[in-house]
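Reader: I would like to learn how to read a structure like this one, step by step. Could you take me through a sheet and a pair of helices?

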Amino acid sequence: MQFCGKTGSKTISKHFRLFWILSSAAAWVMNCCFSLPAMTDDDVLVRETVQKLAERVAAIPGLHGPLRLEWHPDANWSEGEGGHWQGIVRAELEKRALSLTEDAGAPALDLFAAETPAQVVLTAKTRVADRNEVRIVSVARALLSPISPPVAPVRLERQMIYENENRILDALSVGSGAEGGLALLLYKNFEIVALRLDSKGAVRDSVSLSAANLKPSRDPHAELSVRAGLNSVQLSGKVCEFLWEAPAEVKCHGERSASAAKSEWRGDVLLASPCDGSTWKLVNSGSEPNARQVLQVVPGGALPETNAAVLSEFPGPIIGTNRERNPDSALVIARSLRSGNYEIYKITLACGN
Amino acid sequence: MRFTRSRWLAAISAAVVALACVSAQAAPPRYGGTLHVKLRASSVSLDPREWIPGSLSSSASEKLASLVYDRLVTLDDRARFQPALAAEWSHDAAGRNWQFRLRSGVRFSDGGVLTPADAVASLQATLGKGFEVTPAENGVTIRAAHPVSDLLAQLASGRNFIFRVQPDGTLLGTGPFFVAESVAVAPVEANPSATKPAKVKFQANEGAWSGRPFVDFVDVTLGEPPLRQLLDLQVGKADIAEIAPDLVRKGRLEGVRIWSSLPRTLVALRFDDGLASPASDQLREALWLALDRDTMANVLLQREAQPADSLLPQWLSGYASLFESPMNLQRARELRAAFSAGAPGAAQPLRLRVDAPGDLFKLMGERVAVNARQANLLVQVALPLSASNSPVPAAGLHLFAWHYDSLSPRTELEDFLKQLREGTNLPVNTTDPEQLFVQERRLLEERRILPLVLLPEYAGVRANVHNWNASAWGDWRLADVWLDDSEDPMTTKTPMGTQKNGSPARNQGARP
């Protein structure tokens, strides 16, 4: 049997691992590392899909090269992405003795790439003698994992350190140095799960709050904190406490009506400038789920509209912010509109920008 | 190398979610209030077993049914199937045998526990022939005679909700709301042929397994005329209202926040083969060549529609761009010149009946007649069904609207054939897109169905509605929206009583 349910969540990203391994190195170096190619299952799937198409094209009766490959992707395909698919197509066709050319007079082999809600569809169309020949293959989109969006240069130093396809409700830096890591809250399959990750990004501990018979909630707010070794999760109308060492002993209390939303959540996140020690405040405005969001970092006491604000655009709505270990840094959770993944960024206020 | 696979969503979101930028301080969502929704459909059925695939009314019915019922799985914006009532699932290598384990502890709105028998009974009624649905330990097993790699797409869409039939015939669901009150369609005394708008009031299901919705009530008014819907939105009588395609431009110009889906409705022509003298191959070909789809989409529908060359849209099949419908009046006239004098469309006009309701479709029918005339073809438009009390004479040509219900192109094509090509036993047993393409191409080349335009769904959304995150294919997800009282100062008066947003009256109405 092939198991499909609860599609495996990508709990640990390579970005995260790299980040913690290289945390002592400069952020710019890490940026470069992140963009290094990494072989994934995607490559295998893409190649298999293209191979299937190439086989079908090569089997078209009477089709001979050289052919001129014309790429027709849907508008949402990026140039780089399309280029990679094209490269594989070229290689696979030439493996099957179908040579390709740039000669404008050569017969065209039109290659269409489209995404449907559930599939990536690749279509090859060419003309042989007086007939059109069409070959189509597809692959489930869900099998191809999303890419991390490129990190744009910003005035705030910003680094994505973790991503997950499940909703990240909150994140917290724990420990320091090699002992450091992240603790986070995920909303997964209608359960809130607390994860502790080590400095390499591996899951050290996992605690499901469903052990406390917690009702599911549509309110995406939850806050994680640690006091004297006891982990506390503040939810709408309820507080749950647990120890990583005792995942079955989650205790929740203070439940009120499900509709009694918590009115006060975590206060302002403040950053301390490494240059002069001045205080800067994170201002998270906007709450629409389909908009990219700009995070403002404003001098303490200034209005959000101040000209002195440092801006950083995130690839989607910002879900939450939290302090980091270092006073000049903070964690920002955002949902990427590109990949749909939830991402944790570390932002750092740097001098000289 | 890794790839951006969900840019599709981002692009669609950017393209279709034409929402005005609303500056608001980040705030936690609020519970409470009544969401007022206005729909164009004059009536809906909350019984998925009654829905006719492809019908326009099934669109409104599905929107409201999703408030009350859940499905086994859902499709998220990242093209991943997510557990819903099924906590997990598996299938064999061939994709014929599927097992679904039901989520434990799920209850219907009356407190009854969801059982495998409920899921089996629901799916036996909705999945149709070709599937054997049986109970299994803690779940259901679905077997098909042929591989159904698209089963999850089917289960995540259309009428495949899970419900329990009550002894009185009404249905119970596990969804975020239940029906609190329902005012049936009733004739207006002064004009028996007109109907009062029906109302359906949904109340939050406090014990919903997926979490209580934010709003307390969803108050739905049906049968609102298109212009009235837009006005209601502008004066604050509606929070969300459907917008007719020909009013979208007006709405945008007047600052209404407008959302649109991917194209969900195909408008097309269908030749009636049941007539004593059906249209000839030449007539069908000539009319196909005479149709000016671009003008229909860009002028008549003010660029709020797309010319259609295929039965399934590109976003659903992925291959629709291979089809073309080039307008060629010269060739159409040549074909017309070869007609015999008494042939339909020559001296004898071809009757075109507009089967879809509303003035917009009638206008499109008239546009077809104009196009036909340019090729020297005679097409006479019959009144729409809803506008005439007298029997409508037989017509050789029908203008119809088809609503895409399913996320499975195979299912959609099969339903299309069942509904529109009676007598043609052409089951679509494959999910291979190439085979689907071949079948669709064959159908289109017969020229018995001539696609015209594709219409998205449009809705106006007031600024007080937050977390509006409808799917690109039209699922409104109303359980996730919340209302900001400060932006909605109105006090709402409904036939069910007077209430103020944020402090709704708790009606313990009959459950469905």
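**A sheet and a helix pair**

Author: In this model, A:Leu184 stands opposite A:Leu195, a residue in strand 9 of chain A. The model is predicted, so local features need pLDDT of at least 70 and side-chain atom pairs 80 or more, while totals for chains, interfaces and linings use all residues. Residues are numbered from 1 along each chain as its sequence is written, and chains are lettered from A and ligands numbered from 1 in the order in which they are written.

Reader: Over how many bridges do strand 8 and strand 9 of chain A pair?

Author: Strands are DSSP runs of E with at least two residues, and helices are runs of H or I with at least four, numbered from the N terminus. Two strands pair if DSSP finds at least two bridges between them. Strand 8 (residues 181–188) and strand 9 (residues 191–197) of chain A pair in the antiparallel sense, and the number of bridges is seven.

Reader: Which strands are the edge strands of the sheet in chain A?

Author: The open sheet has four strands with antiparallel pairing, in the order 7-8-9-10 of chain A. Each edge strand pairs on one side only, and they are strand 7 (167–174) and strand 10 (203–208) of chain A.

Reader: Is helix 7 of chain B roughly parallel or roughly antiparallel to helix 10 of chain B?

Author: Axes are lines fitted to C-alpha atoms, for helices over the stretch in contact, with angles from 0 to 180 degrees between N-to-C directions. The axes of helix 7 (residues 281–290) and helix 10 (residues 329–337) of chain B come within 8 Å and cross at roughly 160 degrees. Angles under 35 degrees count as roughly parallel, over 145 as roughly antiparallel, 65 to 115 as roughly perpendicular and the rest as oblique. Therefore helix 7 of chain B is, relative to helix 10 of chain B, roughly antiparallel.
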